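Please keep the sequence and the 3D view open while reading the numbered points.

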Amino acid sequence: MSSSDYKSVQAALACPHFFLDDEDECVSDEEISCLNCRYRRWTQESFLCMKKQSVS
Amino acid sequence: MNILVCIDDTDNIESRGTGELASLLAQALEKNGWGKTEPVTRHQLFVHPDIAYTSHNSAMCFAADIVPGHLASFTGFAKEFLARESAEGSDPGLCIVTIDALAGRDDLIAFGRRAKQQVLTKQEAYGLAQRLGIHLSEHGGTGLGIIGALAGSGLRMTGSDGRFRGKFYVDTATGIVDVAELKRQTGVAVVKSIGGPVLHEAEKVQLGDKVKAVLLEGRSTLLVTPNTMDAARAPWQTCTKQQLKVY
């Protein structure tokens, strides 16, 4: 797991707003990850958390 | 009569996704006896600050063989369906391409490919749809979803873009199946390694958490990679979500 993936998993595990997105939109093999969360909005470089929590 | 149906921008952050609406629309087409549908594919479009996407900017498309005479009924149903079922604040668009009557196939494909790399406008989308005789309609909000709906149709038409919606559940006691059995249970046309050969029927594949098909060369394709865990029992393994996200 890359460093950024690890951070996304840790952030999601600690996040009260995590909500698993549709299976078709999940891109991480770790189910509970910001990368699979309905509240992430993809950008060209990364993603934004629409619940206003930041992941660097 | 072969058609493509594509929808985009029907959801908001709290609602059910566009993929689910596409599947419901396909089910309604069959339930009403208007024709037979093929599985829904997801097509990734350009992610850019100037585009008002919800979270990932993808369009959902399915092909159908529609009974002649029922196209108008289906089109009317689809328009009402999108207007009724799309989420508050969304900008839904509907595209229906009658493939047999399409003159500018290459132009539609080019539009789809551009939509993966550029910000396009409603004016461009309507102009192309009108020129090619494609149904394109908006059903709420700004109607910007017509751009993705037209683009998604073009990308499906390439035959090599997108992932099929949903994943397969394969019945196996060991987690390992041969290609023939994998094709029988999933209905995929091809099992192929990424960037490599098409697998033979007897070759063994170890199944991962996600068994999911992509659209390649016009066929539903299950991609595999060399098995790094248990190559002695199965030389191949199914792809991870991470590996499939580029499709």
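Is R163(B) buried or exposed?

1. The model is a predicted one, and that should be kept in mind throughout the points below. R163(B) is buried, because 23 other C-beta atoms lie within 10 Å, and a residue counts as buried when 20 or more do so.

2. As for where this residue sits, R163(B) belongs to strand β7 of chain B, a strand that covers residues 163–164. Once the neighbours within four places in sequence are set aside, R163(B) is in contact with T41(B), R42(B), K212(B), V214(B), L244(B) and Y247(B), and also with D24(A) of chain A.

3. A further position can be given relative to I3(B): 160 residues separate R163(B) from I3(B) in sequence, while their C-alpha atoms are 19 Å apart in space.

4. Turning to chain A, its secondary structure consists of 1 helix and 2 strands, which follow one another along the sequence in the pattern α-β-β. The radius of gyration of chain A is 10 Å, close to the 10 Å given by the globule rule for 56 residues, so chain A is as compact as a globular protein of that length.

5. The C-alpha trace of chain A spans about 25 × 25 × 25 Å along its principal axes, and 25% of the 56 residues of this chain count as buried. Among the contacts in chain A with a separation of 6 or more, 24% are between residues 24 or more positions apart.

Terms used. Residues are numbered from 1 along each chain as its sequence is written. Chains are lettered from A and ligands numbered from 1 in the order in which they are written. This is a predicted model: local features need pLDDT of at least 70, side-chain atom pairs count only at pLDDT 80 or more; totals for chains, interfaces and linings use all residues. Helices (H or I, at least four residues) and strands (E, at least two) are DSSP runs, numbered from the N terminus. The radius of gyration is taken over C-alpha atoms; the globule rule is 2.2 Å times the number of residues to the power 0.38. A residue is buried if 20 or more other C-beta atoms lie within 10 Å of its own, exposed if 12 or fewer, and partly exposed in between; C-beta atoms are placed from the backbone. Two residues are in contact if their C-beta atoms, placed from the backbone, lie within 7 Å.
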